[in-house]
Amino acid sequence: MKEINRETIQGMIPKRSKDSYKADYGRVLVIGGNEDMGGAIILTASSAVYSGAGLVTVATSKVNHAALHARLPEAMVIDMYNEDRLLKQLSTATVIVIGPGLGLSAESLKILKSVLETVTKEQRLIIDGSAIALMAKNNLKTPVAKTTYTPHLGEWQKLSRLKPAEQNETLNIQARKELKANVVLKQSRTEIYFLDEVWKNSVGNPAMATGGMGDTLAGMIAGCSAQFKNYRFAIITAVFLHSKLGDDLAKKQYVVLPSQIIESIPFAMKEFSTKFIF
């Protein structure tokens, strides 16, 4: 495995052109947040915005709309159960995230199937949380989009049929081939399985073991993917910065909250886009 560290990502974050406007930095659509799990999709949307995505739209249950507007006025919002509006928004997206707080209901499955049938090969798709469970349970196939799964070890077991004790590099590579997608395997040292290589993160800590941390990472991957021409660089950068910020906060805190990481993202991206290590 190749190691992801400070030197790895230095130079991966593109500097912004002097003549820029929001559409230059991608359109992200995040889908999820049922009536019980609105916080998950708010964290995902927030981390996408704070990572620098040009435009972020949230498709979520109507009960979450007021909270989203109050917490994140930079994002637009639509009802995820309105299929016509959802598919219209989907057609304009550069990057789609589906799954945080989506739930496992019949309606959630219908939304997922609609997205899988509609995405194009030019779009980047991140499948997270509930959507991973639905993919595994219903034996759904990876769509034509440039797809990345972001499972934790238990979700990876459902997708790969590998028990945690069996999840070694060789078998994980084989399972990734069968999925025909990138895999960000979340653990104490997150591993990224691409088509032709495997990367292992060098940072991360137990203070980050709290609800919403994976939702935040999914949004960071989306935000970076919307801006970076190189999809691989976007994923590597998001994985590293997510854990690096967690490490920085953990120096003085017993537990690290996802919302704290989100607030720190723009500062870390500025640091790594302007400073060079010799």
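In which sense do strand β7 and strand β8 pair, and over how many bridges? The model is predicted, so to speak of local features requires pLDDT of at least 70 and side-chain atom pairs count only at pLDDT 80 or more, while totals for chains, interfaces and linings use all residues. Residues are numbered from 1 along each chain as its sequence is written, and side-chain values use heavy atoms, with hydrogens and water left out.

Strand β7 (residues 146–149) and strand β8 (residues 182–185) pair in the parallel sense over two bridges, where strands are DSSP runs (E, at least two residues; helices are H or I, at least four) numbered from the N terminus, and pairing requires at least two DSSP bridges. Thr148 stands opposite Asn182 in β8. The open sheet comprises 10 strands with mixed pairing, in the order β1-β10-β9-β8-β7-β6-β5-β2-β3-β4, and its edge strands, β1 (2–4) and β4 (76–79), each pair on one side only.

A nonpolar core is a set of buried Ala, Val, Leu, Ile, Met, Phe, Trp, Tyr and Cys residues joined through side-chain atoms within 4.5 Å, buried meaning under 20% relative accessible area with a 1.4 Å probe and protein chains only.

| Core | Size | Residues named |
|---|---|---|
| Largest | 55 residues | Val28, Ile192 and Leu241 (most contacts inside it) |
| Second, separate | 37 residues | including Leu29, Ile78, Ile96 and Leu109 |

Leaving aside residues up to four places away in sequence, Ile192 has contacts (heavy atoms within 4.5 Å) with residues including Ile4, Val183, Trp199 and Val239.

Conventions. Buried means under 20% relative accessible area, exposed over 50%, partly exposed in between (1.4 Å probe, protein chains only).
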